[in-house]
Amino acid sequence: QEPFVADEYIERLAWRTPGGGSRGGEAFDPKRLLEEFVNHIQELQVMDERIQRKVEKLEQQCQKEAKEFAKKVQELQKSNQVAFQHFQELDEHISYVATKVCHLGDQLEGVNTPRQRAVEAQKLMKYFNEFLDGELKSDVFTNSEKIKEAADIIQKLHLIAQELPFDRFSEVKSKIASKYHDLECQLIQEFTSAQRRGEISRMREVAAVLLHFKGYSHCVDVYIKQCQEGAFLRNDVFEDAAILCQRVNKQVGEIFSNPETVLAKLIQNIFEVKLQGYVKDQLEEHRKSDAEQYLKNLYDLYTRTTNLSSKLMEFNLGTDKQTFLSKLIKSIFISYLENYIEVEIGYLKSRSSMILQRYYDSKNHQKRSIGTGGIQDLKERLRQRTNLPLGPSIDTHGETFLSQEVVVNLLQETKQAFERCHRLSDPSDLPKNAFRIFSMLVEFLCTEHIDYALETGLAGIPSSDSKNANLYFLDVVHQANTIFHLFDKQFNDHLMPLISSSPKLSECLQKKKDIIEQMEVKLDMGIDRQVEISTLTLNCMIGQMKHILAAEQKKTDFKPEDENNVLIQYTNACVKVCGYVRKQVEKIRNSMDGKNVDTVLMELGVRFHRLIYEHLQQYSYSCMGGMLAICDVAEYRKCAKDFKIALVLQLFDTLHALCNLLVVAPDNLKQVCSGEQLANLDKNILHSFVQLRVDYRSARLARHFS
């Protein structure tokens, strides 16, 4: 049995043989074990021979059965071939019979068709005779329940009557036409009644009969009219129209053989009657009196109409339903869209003007005329570094004349105008119309508001010798920066998608570039150190610092009467100057961004250093006064760190090292002057600081320094 392991088998055999192992202390007997192995091998050989004979017998039996099966398969193949031949013969016979039957059917049809036509003609002649006699006796004309059969007959008689000469058959033609009209009216009335009862099957039967009558279109009109009864009871005509079309779409295929035509006619009727009337009522009311409400209504109605059109696109309206629905929308709004952009521009202009005027009125400010010089003129003045003709200085009382509220209102109005332009403009006119709206934004936001504020700010910068300098121009710069970021965002978010694939893109980008360049030039006129107005603004700061130092610094600060009783760490003038400088640095950082901050702070820092350097040159210093001066400069250096300009900090480090010359012992002067920070300075500068010491004239000090 599987799994068979020879070693385990031998172990079990030895274990069962007495004396074959060490069980229970029994002695090992190799002879008995050998005898047992020999006997067991003999038994296995006998078993092997018996199994081998059985295998040979089974193999012989298998070979015999395989031969019998192969013989049987050959016999079955021969039988299958015979059956296939019989099947082919039967198939050929069936095809022959079918051909005969079809030929016979064609012959019978050729005989029967003329017979049926003759019978039909006989019936029509019979009914025609009744019209000739003037008396309709047939049951088909007198029985109202056979109106379908009567309609079929009268329709055929009507076609025949059209071919008859009028002079001989005028009377009978008149009677047939009268009956044709009566039956047509009856069928339409029957269709109307069935529609009111909701009998779809009856409507389908009557419509099928009327299909061959001239009044079939009238039947469709009746159906369309009755469908709309009670359908428009709510205030939302667009939602009512969508629900009505959805309901009719499910029903019309069960009634008419051409449902797409009927549904298209219903939609056309809704657009030309219901929607057109509704749109006219909503728009004509405000067209001349309220441009804002007119534009809002036009945008809303056009949007809702196009949304309804999108819903109707789901239905089967024929081959070119997109063109069909577009024509319907155009027929409603054509008179309003032709001059839309003129109304939009007119409204935007008046609205923007009103927003600005309302703001200036709230400030009790009368707008003054500003310069009209272009960018090239400003550039030329900058290049030549000539004096900038600002006109007389005006007092703005700290008002920047820039309003976030005004900007938001202008941008919101323009945003809505862009949205309306996108929806209401023809695709070919969209870039042109969007550019006109953008031009309005540039005129009122950039020119009338930002540019005016910059011009006013430039005119309001005080002179450099003003003791109470008003540095509000930095606030103008900050607000103008913020506003222009909002302007740029609207340009990218709302204008770019409308003009991105048109030639107007380059024109808009150029216009934007010109505006940016013009404003940057004017901003540079106010803050850049290379422009004179920047110098005036920074002069105001330096002038204020001079005023503080002149008012607060005393000569006794650096040459106290009692050298042993100095209790302050630094002077009051230093405290106030540092406080003022820190405020100005913070204001500059809040007002500007990018490289402009570093440029202005570097210029201010250099001037600040020069002011302190020259200020320190005005006093004489005792030993304790020199220590106090070093403390002041250390505090100025802390203030200079706020500039985050390496050059400014280096200048104050050097100044701090120079102040050490005020207190160092005479014997160490040469060593200090040759130190790392002072070694590269001009000897005259070092000498000028040493001369500030009260003990300079002593022979010992002069000898050591020389």
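**One residue to start**

Tutor: With a relative accessibility of 23%, Asp 488 counts as partly exposed. Buried would be under 20% relative accessible area and exposed over 50%, with partly exposed in between (1.4 Å probe, protein chains only).

Student: Okay, and what kind of model are we looking at?

Tutor: A predicted one: local features need pLDDT of at least 70 and side-chain atom pairs count only at pLDDT 80 or more, while totals for chains, interfaces and linings use all residues. Residues are numbered from 1 along each chain as its sequence is written, and side-chain values use heavy atoms, leaving out hydrogens and water.

Student: Back to Asp 488. Which residue forms a salt bridge with it?

Tutor: Lys 512, with the closest N and O atoms 2.2 Å apart. A salt bridge is a side-chain nitrogen of Lys or Arg within 4 Å of a carboxyl oxygen of Asp or Glu.

Student: Which residues do salt bridges join into one network?

Tutor: Glu 190, Arg 197, Glu 199, Arg 202 and Glu 205 are joined through shared partners. Within that group, Glu 190 and Arg 197 meet through their side chains, 3.7 Å from N to O. Glu 190 is partly exposed at 25% relative accessibility, and Arg 197 is partly exposed too, at 45%.

Student: How many salt bridges does the structure hold?

Tutor: There are 22.

Student: New topic: who is in contact with Gln 490?

Tutor: Gln 490 lies in helix H16, and it is buried because its relative accessible area is 6%. Leaving aside neighbours within four places in sequence, Gln 490 is in contact (heavy atoms within 4.5 Å) with Leu 411, Thr 414, Lys 415, Phe 418, Leu 441 and Leu 495.

Student: And which residues touch the most other members of the largest nonpolar core?

Tutor: Tyr 223, Phe 256 and Phe 608 do, out of 157 residues in that core. Helix H15 (residues 430–459) gives the most to the core, with 16 residues. A nonpolar core means buried Ala, Val, Leu, Ile, Met, Phe, Trp, Tyr and Cys residues joined through side-chain atoms within 4.5 Å.

Student: What is Phe 608 in contact with?

Tutor: Setting aside neighbours within four places in sequence, Phe 608 is in contact with Ile 542, Met 545, Val 577, Val 581, Tyr 636, Cys 639, Phe 643 and Phe 652.

Student: Let's zoom out. How many helices and strands are there?

Tutor: The protein chain has 25 helices and 0 strands. Of its 706 residues, 39% are buried. Among contacts between residues at least 6 apart in sequence, 74% join residues at least 24 apart.

Notes. Helix = DSSP H or I, 4+ residues; strand = E, 2+ residues; numbered from the N terminus.
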